[in-house]
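This briefing looks at side-chain contacts and aromatic pairs, grouped by topic. Please keep the sequence and the model open while reading.

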Amino acid sequence: MRDYSAVHASSHEWTLSTNVKLRAAGTPLMIYCEASVWGMRFTRASRYHWVLQYLLRDEGIQLLWLGPRRIGQPMAATPKMLAETSCAVVRAARRMCDEGWWAPEGQVGLDSDARIRARLATEVGRATAAGLLMAMRQLLPPSVQRRLAKSQCK
């Protein structure tokens with residue numbers, strides 16, 4: 001029978017040391033663990049949190065993905081592998097900051113989640129309205145469509 005308490009303890013130690021590195025790097029990312037599953041919490045709002053998973057892949061993290069913001073720790077993880085993974089997570093999070101995927105600290109207000117949702121809703125509404133306009137134009141008789149096209153060219 002496998003002793004899972006050692007795996008859980010190493011996972012807990014890994015999250016603590018990785019969080020120290022993430023804070024020192026100035027990233028708005030925090031790692032937590034639930035047994036041998038690592039989770040990620042973002043401490044700053046962004047529309048682009050999903051980009052982190054691609055940057056993690058680019059940094060060489062090929063672990064079991066349990067969904068957005070969750071990574072499963074392999075049961076046979078060595079201390080060397082955990083150290084490499086920690087460095088890769090910090091590099092990916094730092095790239096998120098350097099490449100502008102997270103807004104600088106001063107630009108994020110307390111209501112930023114609501115502002116992000118409102119902005120997304122506005123963009124979706126505009127795209128939907130533009131699509132409906134195009135569809136409605138197709139319902140017009142060809143002669144009216146030609147006149148509209150000529151008036152737009154002027």
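Predicted model: local features only at pLDDT ≥ 70, side-chain atom pairs only at ≥ 80, totals over all residues.

Buried here means under 20% relative accessible area, and Trp102, at 3% relative accessibility, therefore counts as buried.

**Aromatic pairs**

- A pair of aromatic rings is described by the distance of the centres and the angle of the planes.
- The count of aromatic pairs comes to four, among them Trp14 and Trp38, which are stacked with 3.9 Å centre to centre and 20 degrees between the planes.
- Because Trp14 belongs to helix α1 and Trp38 to strand β2 (residues 37-42), this pair ties together parts that are 24 residues apart in sequence; both Trp14 and Trp38 are buried.
- The ring centres of Phe42 and Trp102 are 6.0 Å apart and the planes stand at 55 degrees, so this pair is tilted.
- Phe42 lies in strand β2, whereas Trp102 lies in the loop between α3 (79-98) and α4 (112-139), so the pair ties together parts that are 60 residues apart in sequence.
- Phe42 has 18% relative accessibility and therefore counts as buried.

- Ser11, which is found in helix α1 (residues 4-24), has 0% relative accessibility and so counts as buried.
- The side chains of Ser11 and Trp38 are joined by a polar contact of 2.8 Å.

**A charge over a ring**

- Arg41 has its charged end over the ring of Tyr32, at 4.0 Å from the centre of that ring.

Note on methods. Residues numbered from 1 in each chain as written. Heavy atoms only, no water. Helix = DSSP H or I, 4+ residues; strand = E, 2+ residues; numbered from the N terminus. Buried < 20%, exposed > 50% of the residue type's maximum accessible area, 1.4 Å probe, protein only. Polar contact = N/O pair within 3.5 Å; in protein donor to acceptor, adjacent residues only side chain to side chain. Phe/Tyr/Trp six-rings, centres within 6.5 Å; stacked < 30°, edge-to-face > 60°. Lys NZ or Arg CZ within 6 Å of the ring centre and 35° of its normal.
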